[in-house]
Amino acid sequence: MASFVTNGGKVDIEQVSRTFKMSKVQLAETAGLGKTTVTKVERRDSPKAQSRMTEMLEILARVRDWAGSEAQAMAWYRAEPIPALDGRTAEALVKSGQANAVREYLDHLALGGFA
C-alpha cells in the first residue's frame, strides 16, 4: 500500500490505475466513486475519495499474499461473494460504506476462523 501513497500522504490514483491496469473511470467505479472524483485533480484529494481509495487498498493489501498477486487480489475483491457477509463482495461492501465489515471478516480469518 505504501507504494500508492505520495509524500504528502495522499493516494496516487494514477499509480493505482496503472498497477491494476484499469482506467480511472473503472477504478472510480470499483471504489464506489463518481467518474469526476478521480478525473478532476481537485476532487482526487477530497476526504471521501481518499478514504474510499485507502479502504480499498488496505483490503487488497491484506488479501494479496493468499490471493497470489495484486491482480488476483483485485479479482477477489470485485467478484468473490463472502458467505459470512450475506454473499456480498468486498467491492459491494466498500461501495456501501461497510469496509469495516470486510476488515473484521479478514481479521476473523487471520485468527483461524472459518469463512
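Residues are numbered from 1 along each chain as its sequence is written. In this predicted model, local features need pLDDT of at least 70 and side-chain atom pairs count only at pLDDT 80 or more, while totals for chains, interfaces and linings use all residues, and side-chain values use heavy atoms, with hydrogens and water left out.

**Exercise 1.** Describe the secondary structure and the overall dimensions of the chain.

*Solution.* Begin with the elements, which are DSSP runs numbered from the N terminus (helices: H or I, at least four residues; strands: E, at least two): the chain has 8 helices and 0 strands. The radius of gyration, taken over C-alpha atoms, is 14 Å, close to the 13 Å that the globule rule (2.2 Å times the number of residues to the power 0.38) gives for 115 residues, so the chain is as compact as a globular protein of that length. Finally, the C-alpha trace spans about 40 × 25 × 20 Å along its principal axes.

**Exercise 2.** State what share of the chain is buried, and characterise Lys 21 and Asp 86.

*Solution.* Next, Lys 21, in the loop between helix 1 (13–19) and helix 2 (24–31), has a positive phi of about 50 degrees although it is not a glycine, and Lys 21 is exposed at 74%. Likewise, Asp 86, in the loop between helix 6 (70–79) and helix 7 (90–95), has a positive phi near 60 degrees and is exposed at 72%.

Definitions and conventions:
Buried means under 20% relative accessible area, exposed over 50%, partly exposed in between (1.4 Å probe, protein chains only).
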